[in-house]
Amino acid sequence: NRETGIAEEIALENLYRNPTKSYPVWDTVLYDSAIREKNLTLLLNTSVMDADCDGDRIVSVTAWQSNAETFHVVEATYFADCSGDSILAPLTGANFMYGRESKSDFNETIPPDVADKKTMGMSCMFQLRETTHKTKFIKPEWANTYETDEELPFKEHHVKDNNFWWIEVGGEWDCIHDTDRCREECLKIAYGVWDHVKNKGEHGADNWELEWIGFLPGKRESRRYVGEYTVTQNDVEAGGKFYDTVAYAGWTMDDHFPEGFYYTAGHPTIYHPAPSPWGLPLRCMISK
């Protein structure tokens, strides 16, 4: 199953403009998609920090553009919060959830018996490149050291067909306010794992090099708005058949253990089966 619409258009443009899959060039493809849209005003390096409401409706948001030292006040009839951290929820008093609900909250079987504040963690994206010659990697002094395979909790660290998603931390921390701490820990682990693959044993990585690494940790889970409708495990297993379906998902119910990289009892996630695709209703995307 593939995404359609705008996401597919951008992905196809990237294949055309960026055949070597360079992340810096991908940034340019995304930037180009934004500035070519006549009805879109792009404010980069701009963070929402306040909001004004009239009753239960947002009237305006105020944002700080750091590199221009400028405040922007944006007035609108509708606001879409795509921050990932649901930043407008605490600023407006909108209802939101955080962490894991209990089994009894929505009559589900996957959640824990008792609700908690644990989440899935964060990972730092990095890109490896295969070359035609042997390459060298020198680990930063502050990075972790893993001398043997046994020191890594999950052994899928060979280069080919592996995206190192299991380098994940922060699920037992505060995934909003500990973001910088997660970034620091992810980098220590990522550089340490790559040092292990390159320099500690035979992993078929002699001709591979570390080309790029992201300093912004990718979040899997954060605050979640309470919508007019809440999609549950039971809805997903039933195929997500809603009268107001506006999008589809096709992945399993991927349930990473909050311990992430430090989970030692086996595979670091459970792929709870789900039909593919399953629908998502507009109601779950509208703040209650």
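Modeller: Happy to. Let's start with R283, which counts as buried at 19% relative accessibility. Buried means under 20% relative accessible area, exposed means over 50%, and partly exposed is in between, with a 1.4 Å probe and protein chains only. Before we go on, this is a predicted model: local features need pLDDT of at least 70, side-chain atom pairs count only at pLDDT 80 or more, and totals for chains, interfaces and linings use all residues. Residues are numbered from 1 along each chain as its sequence is written, and side-chain values use heavy atoms, leaving out hydrogens and water.

The partner of R283 is D244, and their side chains meet in a salt bridge at 2.8 Å, N to O. The term stands for a side-chain nitrogen of Lys or Arg within 4 Å of a carboxyl oxygen of Asp or Glu. D244 is buried too, with a relative accessible area of 12%. Where do the two sit? D244 is in the loop between α5 (233-237) and β10 (245-249), while R283 is in the segment after β13 (278-281), so this pair ties together parts that are 39 residues apart in sequence. Those labels come from DSSP runs, numbered from the N terminus: helices are H or I of at least four residues, and strands are E of at least two.

Elsewhere, salt bridges that share partners link E13, R17, D32 and R36 into one network.

One more pair is worth a visit. R181 forms a salt bridge with D178, where the closest N and O atoms are 4.0 Å apart. R181 is partly exposed, its relative accessible area being 44%.

As for the general idea, side chains of opposite charge can pair when their charged atoms come close.
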